[in-house]
Structure formats: C-alpha cells, structure tokens
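Colleague: Please take me through this model one feature at a time, giving the general idea before each case.

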Amino acid sequence: MLKVLIVDDEVLVKIGLRNVIPWREHGFEIVGEACNGQQALEIARREFPDIVLTDIRMPVMDGIQLIEALRVEMPDTKIIILSAYKDFDYVQHAMRLGVKEYVLKLSMEPEDFLLVLNRVRRQIEMERSNPGFSPALHQIEQRSICMRASGRFPDFPLPDMPARMVLFLFPMQDKLDVPGSPPQTALALEHIFGNDAGAFYLDDRRYGLLAPDSNAFSPAALNALKKRLESRFAFPISIGVSRLVSGADRFPDALSEATRAARHSFYTGFGSLCRAENLPEYLPVARHSKWQAAEKAIITHHLDEACRFILALLADPPERYISPDSAINVCIMLMRAITISMQEESAEADTAPPKQYNTVEELAAQVRQAAQRFDRHEEMR
C-alpha cells in the first residue's frame, strides 16, 4: 500500500480527490490532508508519504516551496502537481525541481488520474526493486559522465537561460576525510547551494554546479555559502565562479573558467573564492622574462642561479602571473635537475608524474628543501 498526502487549500478539491477513485482498491492509502505547504511538511515528516499530490498556489507556504523542502528532506518521495491552466509558469518551475507528473484540477477524469498514479507506482516499484538505486544519485552520476566526456549538461531545464558554473576544489592531501561517495558529496553540495542548481563531479577533488543566474551569486550569498561549506566539511574548499553564459554550447567554456578561478587559490590561499571576471591574465612562460630566465638557468644547468630566481618569484608573485600548472612544471623541472645532478634519481624515475600542490607556499617549501640539499651537496664536493 503506497501512502499518499493531499495538499490543497480548497476544501472542495480535497473532497473531490478523496472520492475520485477507490484508493485502497488500487493499492493507495491517503495518510493526510493539508491546506498549505507548511502543514504538509509537518505531516510528511510524520508519515513519510510515497506520493504527494500538491496544489501550487497556497497561503503560508506554496507548492514550489514545499517541493524544494521535500527534495532536500525526502528526495525519493514522488510529487504530482495539481494544476490550473493559469499555473503554467509555476508548473515549469516544479518540473525544473524534478517533478514529472501533473494533473489539471478542473478537467480531471478518474481514468486519467489513475493512469498518472499507476505511472508513479511503476517508477517507485522499479526503484525499490534495486535497493542500492537512488534516482538523485543516478542523475548526478549520468550528468557527471557527460560533463567529463564533453562538458555537456544533459538535463539543464532551460539551456538558453543565463547561468553560471561553480567549481568546488577540494585540497590535495593523502587522507581527505570526505563523508560519502563522490555522487553523495555532489548531492550534498547541490542541496547546500539550492536555487535550481544541478551538481556533478569530475573526480574526488573537483565538484561542479550549474545554476541559473540569481542573487545566489551575489558576494554576500557566496560568502554565506562558503561559511556553510566550512561548517559541513572539515577542510577548506576553494570556489571558482564563471562569468554569465547563455546557451548549452557555452557550458564547457564556463566550466573551464570556473576551474581556472578555483585554481587561482594556488596564489591567493587555498579555501579562497574567485570569480572569473576578477581572474588575472596568465602569461605563458615564454612571455614572462623572469620565469623564462629561471627556465633557461635550469636548461643550462646553472641550478643555484635557478633556485634563487624561482624562490624570489614564488615569494613575491608579480602582478602578471603564469598559470599555477606552469609554475609547478618549471619547479618540478628544477627539482628533478637537482636530484639527477646529485645522482639520487634514475632516468626512468625522472619520467614519474609531477606532484600537485595546493598553494604557492607549499611549492616554495619543496623548492627550498631541494635548494638546501643542493647547497650541501655542492659544499661536500
């Protein structure tokens, strides 16, 4: 027996729904009736309904607010909208929140109403036949596969709506205590952000959100989001926000922008927030005279000189940056050259992938250690 909650502020509508079909004969049980979203939420927390039939326009808490609350607290509860013709814009909003079914109150026929209920029943039965199946997590998994493969966001409800991409960058460390799997973490970020956001993950350190533009992207709202994340996770998280984009073909560019903005915390301090419009232009090493001089000193094997150049650059990054990855690559080249010169690394080991660093300070500390080892080695020769 599937439990059903009816939510409508019109008494006659509730009476009609109660009598439109013989509920128990068809495997449904009405466990409560409410006249607004707040009352419905209280009943839902007590009864845990399988299906909620809800009107949209109601006092105190409307149907959209109720759906948003249920999506967070009871994501597997199915929702059917009770709609009037004038509610089309609200129905669209409900669809963006994951609602799949609606019925028109003024033209509802018992047979059609039962067809909708049975469709929802089949969906519930299919999901429950696989105990490990979660529709919300499955949606995030499928979305993540598409984003990793092509930057395509398959289920953004209105692809031409102006939107922004957000990239959450978790720190690189050996033991990162992240509660839950990557899809569960992405779902938690989606719930924390709210505002019609869709979450995905690129790997266990990079999580993304695509959301329609709103006041959720104001500086105050983003700082409040940062505080909520810090209270939810026990480590700092760098946040990058893309510029506003319109059109699904721009989503890959927005992801690249958000990623670069989050990665700029390498210079500004891990756990910082950066918007793409505030991101400085990175120069290639070949166009940055000081980094080019450091790279030339490595190639010509003037390693002590290269160490001085690089440590000075890392201690006081100039206004014109090179990208974090470029800085790391030059430093890795220097540290490998030092190790090889001291005959502590084989040619095969030299091809190992470079280590990653959260901040410029971490990288500078590693270079400083290598420089000190090199100085001691030179003194002993």
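**Reading the features**

Modeller: Phe48 sits in the loop between helix 2 and strand 3 (51-55), where helices (H or I, at least four residues) and strands (E, at least two) are DSSP runs, numbered from the N terminus. Bear in mind that this is a predicted model, in which local features need pLDDT of at least 70 and side-chain atom pairs count only at pLDDT 80 or more, while totals for chains, interfaces and linings use all residues. Residues are numbered from 1 along each chain as its sequence is written, and side-chain values use heavy atoms, with hydrogens and water left out.

Colleague: How should I read two packed helices, and at what angle do helix 2 and helix 3 cross?

Modeller: Two packed helices are described by the angle between their axes and by the distance between those axes. Axes are lines fitted to C-alpha atoms, for helices over the stretch in contact, and angles run from 0 to 180 degrees between N-to-C directions. Here helix 2 (residues 37-47) and helix 3 (residues 63-73) cross at roughly 20 degrees, with axes that come within 10 Å, and they are therefore roughly parallel to each other, given that angles under 35 degrees count as roughly parallel, over 145 as roughly antiparallel, 65 to 115 as roughly perpendicular and the rest as oblique. The crossing is right-handed; a crossing is left-handed if the near helix is turned anticlockwise from the far one by less than a right angle, and right-handed if clockwise. Gly37, Ala40, Leu41, Ala44 and Arg45 of helix 2 meet Leu66, Ala69, Leu70 and Glu73 of helix 3, a contact being heavy atoms within 4.5 Å.

Colleague: How do helix 11 and helix 12 pack?

Modeller: Their axes are 8 Å apart and the packing angle is about 155 degrees, which means that helix 11 is roughly antiparallel to helix 12. This crossing is left-handed, and among the residues that meet are Trp291, Ala294 and Ile298 in helix 11 and Ile310 and Leu314 in helix 12.

Colleague: Which residues have the most contacts inside the largest nonpolar core?

Modeller: A nonpolar core is a set of buried Ala, Val, Leu, Ile, Met, Phe, Trp, Tyr and Cys residues joined through side-chain atoms within 4.5 Å. The largest one has 37 residues, and Trp291, Ile310, Leu314, Leu334 and Leu363 have the most contacts inside it. Helix 10 (265-268), helix 11 (289-299), helix 12 (303-315), helix 13 (324-341) and helix 14 (360-380) each supply at least two of its residues, and helix 13 gives the most, with nine. Another core lies apart from this one, with 26 residues, including Phe168 and Phe193.

Colleague: Where is Ser144, and which backbone atom does its side chain reach?

Modeller: Ser144 belongs to helix 6 (residues 135-150) and is buried, because its relative accessible area is 0%. Its side chain reaches the backbone nitrogen of Tyr201 at 2.9 Å.

Note on methods
Buried < 20%, exposed > 50% of the residue type's maximum accessible area, 1.4 Å probe, protein only. Polar contact = N/O pair within 3.5 Å; in protein donor to acceptor, adjacent residues only side chain to side chain.
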